[in-house]
Amino acid sequence: MSMRFVRPPVFVLSLASLLALLSAPVALAQGTPAPGGDEEPMPPSMPRYSRGARPGAEARAVTLPAPTTVIPDSFLPSLMGPIGLYHLSTAEVGPVNHLRLALHGSFFSASNFLVKGDADSRVNGNFSFGYTPNQYVEIFGAVLTSSNRNHRNSAGEVPARRDPELIKSFGDLVLGPKIAVPISRGMNLGFELGFRFLSSISDLSVSPSSTSIWFGPLYTIDLRPLAGAPLRFHASANFYVDNSGNLINFNDATISKFTREVASYAYDIAGNRLRFGLGFDVPLEERTAPVPLTLFGEYHAEIVTSGAIAAFKNEVGDTKNRDQQWMTLGARARVFHGVTLDAGTDVRLVSLGFQYGTPLPPYNIHFGLSYPLDIDAFTKPTIITRTIERNVGAGAAAPVASLEEPIIGLVKSGRDGKPVANAIVSVANRPLARVATDPDGRFQTVMLPPGPAVLEVSAAGYEANKTTSVVSLGQPKKIEIVLTAKVLTGNVRGHVVDAKGTPLQASLRFSGAEAFAAQADATGAFSASLPVGPYRVTAEMPTLPPKDVMLEITDGHDSQLEIVMRTPNKDVALTADGIALKFPIKFKGGPAKLDAKAQGELDGVVDLLQEHAEIRVLRIEAYWDSPGKTVKAMTDGQAAAVKDYLVKKGVPEGRIEAVGLGAEHPLVPNIGPVNKAKNRRIELHISQ
């Protein structure tokens, strides 16, 4: 499944290099500092450094470089939020009241990575941030998304595969604090604690049982204040408690080997592990001005400490690795007023086997931008200097008429005529001429010379507009600008099949605020782009009754809809307080097992629940004829067997409640075999 590389001795060499560097400050400390030298420890948020001569051969003749202040814009978030490189956190927290924002994306594409013959690609996106409330603490976080496409080779298709070709993961949230303190000149020690809240697979919420946590120490040594060299080294170690395996159950025997592998990679399923990282960065602010550049590199090693994942234990051909290693190379360039662009790549050295986690791709390309913000700057006073020229003579000079006029206007919505607040109005081809509309939609531009002026207007949720107005002297120009609201849309894709899984070329009607139609092709597949909102989807075929299902379209998201059309089961009927079955479900004593007739009845229950979205919860109650020590547990198992079958057929688990009630509430006196058979029953009750 994944190629194994020979492990290079990178970890050993890097560790030896780091130990050698750590010994340098000890030698320097034995010397005599220069008069007036700065010997007190500096807070990690504002280290000092400067370029200077290297120490001499004799320790007592050492002269430390004169300190200077580090550039605040050099503190940037990693992919997970804390200050650092790409994957490696550094033992620093940035200046106090400093906010850091970053947007990053990554990409990977290769063939034969997971399944032989398949082509795999993955796109990740994340928004990360960090804030420093005081000189020793950083609060960080990130919002993570991913999109994984597994394009299958039709010649090697396996019928049992149920994983979609495109799997998306939205809204994973990372939060945590980091502490960093100086321990010596140029050296910081830190500790990091992080939480990763994984998004649920079945609905739009966080999966509490899948929340993961990591914690461990950090170390940074900066050679700039020690030797005047623009070079820093970093090390980290932490233990990662990974609960991602709770997202999905791979022990279902009906799930194929390929499906398990693809889904495991898409959702980053892995086990608890020890993580080690070494890194360096080369800040070249002084050497590459006016575009400050920083080069960096990282090496990472992880060792899985938990046991093998049961679903992958017997995979044929899978590697048995429980460790993985990779390296990262990248660069950052500060291009304009703190805005920093970066790019880099991960290179796989050793990959895990599936039974211990997600295999590493051969490479991963990263790119993004960051922006550090000094919040204190908003509270500092701004000094404006204005020069006034005045004619001095026998008589007062006549005022000179202005040769420019502003444009005064109103921006409103074309849908309801209401004013649009916070719309951006700018004058084309004129710098420093952007203004925002007031809450009442009004604006006034800067002073403009006579003649035509092109105004460009944009606002969130509206299409951009461009209009031309002619400026005349003596009277400000007044205009109205109407914006057209954007139509927010989302996509839906799916298949229409019959009860046996045969594709159907059904016609589909989407009934909502507006009506739309689609047609399934010969493979039963269909797709549509629809305005956001709720819809009732009706699938129609000449030979089968229509099938209605509910659908919610959200902005910018892809929805998956699978429609099964079948002849209605007349043995299943909806009553005032429950669902009645013509052939009640009966269990014999012992382990609960559903026979073919009971499964057919429950298939009808699945169809009924899909057609009646107003049914909020279906309560399954299992009863027995006689009390006993094991009767309650036995009826619990019976109710659970019915629930498990319905969930397997596509009913959301949250809509089903299963409870065993033992011998409570008998229908008839529990005397004789006929009455006892009536008391042994399954009841289906609904709540709306």
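**A guided tour: salt bridges, a sheet and a serine**

Begin by selecting Arg 196, which is buried, with a relative accessible area of 16% (buried means under 20% relative accessible area, exposed over 50%, and partly exposed in between, with a 1.4 Å probe and protein chains only). The model is predicted, so local features need pLDDT of at least 70 and side-chain atom pairs count only at pLDDT 80 or more, while totals for chains, interfaces and linings use all residues. Residues are numbered from 1 along each chain as its sequence is written, and side-chain values use heavy atoms, with hydrogens and water left out.

**First stop: Arg 196 and its partner**

Asp 172 belongs to strand S4 (residues 166–184) and Arg 196 to strand S5 (residues 187–197), so the pair ties together parts 24 residues apart in sequence. Helices (H or I, at least four residues) and strands (E, at least two) are DSSP runs, numbered from the N terminus. Asp 172 is also buried, at a relative accessible area of 7%.

**Second stop: Ser 89**

Next, select Ser 89, in the loop between helix H1 (10–29) and strand S1 (98–111). With 7% relative accessibility, Ser 89 counts as buried. What does the side chain of Ser 89 make a polar contact with? The partner is the side chain of Glu 192, at 2.7 Å. A polar contact is a pair of N or O atoms within 3.5 Å; within protein, one must be able to donate a hydrogen and the other to accept it, and residues adjacent in sequence count only if both atoms are side-chain atoms. Leaving aside neighbours within four places in sequence, the residues in contact with Ser 89 (heavy atoms within 4.5 Å) include Pro 82, Lys 178 and Leu 218.

Now select residues 507–511, strand S21, together with residues 533–541, strand S24; the two run antiparallel and are joined by 5 bridges. They belong to an open sheet of 4 strands in the order S22-S21-S24-S25, with antiparallel pairing (two strands pair if DSSP finds at least two bridges between them). Strand S22 (515–519) and strand S25 (544–553) are the edge strands, each pairing on one side only. From one strand to the next, the twist averages 20°.

Helix H4, residues 596–611, lies across S24 and S25 and runs at about 50° to S25. Axes are lines fitted to C-alpha atoms, for helices over the stretch in contact, and angles run from 0 to 180 degrees between N-to-C directions.

Select Glu 540, the bridge partner of Ser 507 in S24. Glu 540 also forms a salt bridge with Arg 509, their closest N and O atoms being 3.0 Å apart. This pair links S21 and S24 across 31 residues. Arg 509 is partly exposed at 36% relative accessible area, as is Glu 540 at 31%.

Then select Asp 548 and Arg 536, whose salt bridge has its closest N and O atoms 3.9 Å apart. Asp 548 lies in S25 and Arg 536 in S24, so the pair ties together parts 12 residues apart in sequence. Asp 548 is partly exposed at 26%, and Arg 536 is partly exposed at 37%.

**Last stop: a network**

Finally, select Glu 92, Arg 232 and Asp 281, which are linked in a network of salt bridges. How many salt bridges does a search of the whole structure find? The search finds 21.

Conventions. A salt bridge is a side-chain nitrogen of Lys or Arg within 4 Å of a carboxyl oxygen of Asp or Glu.
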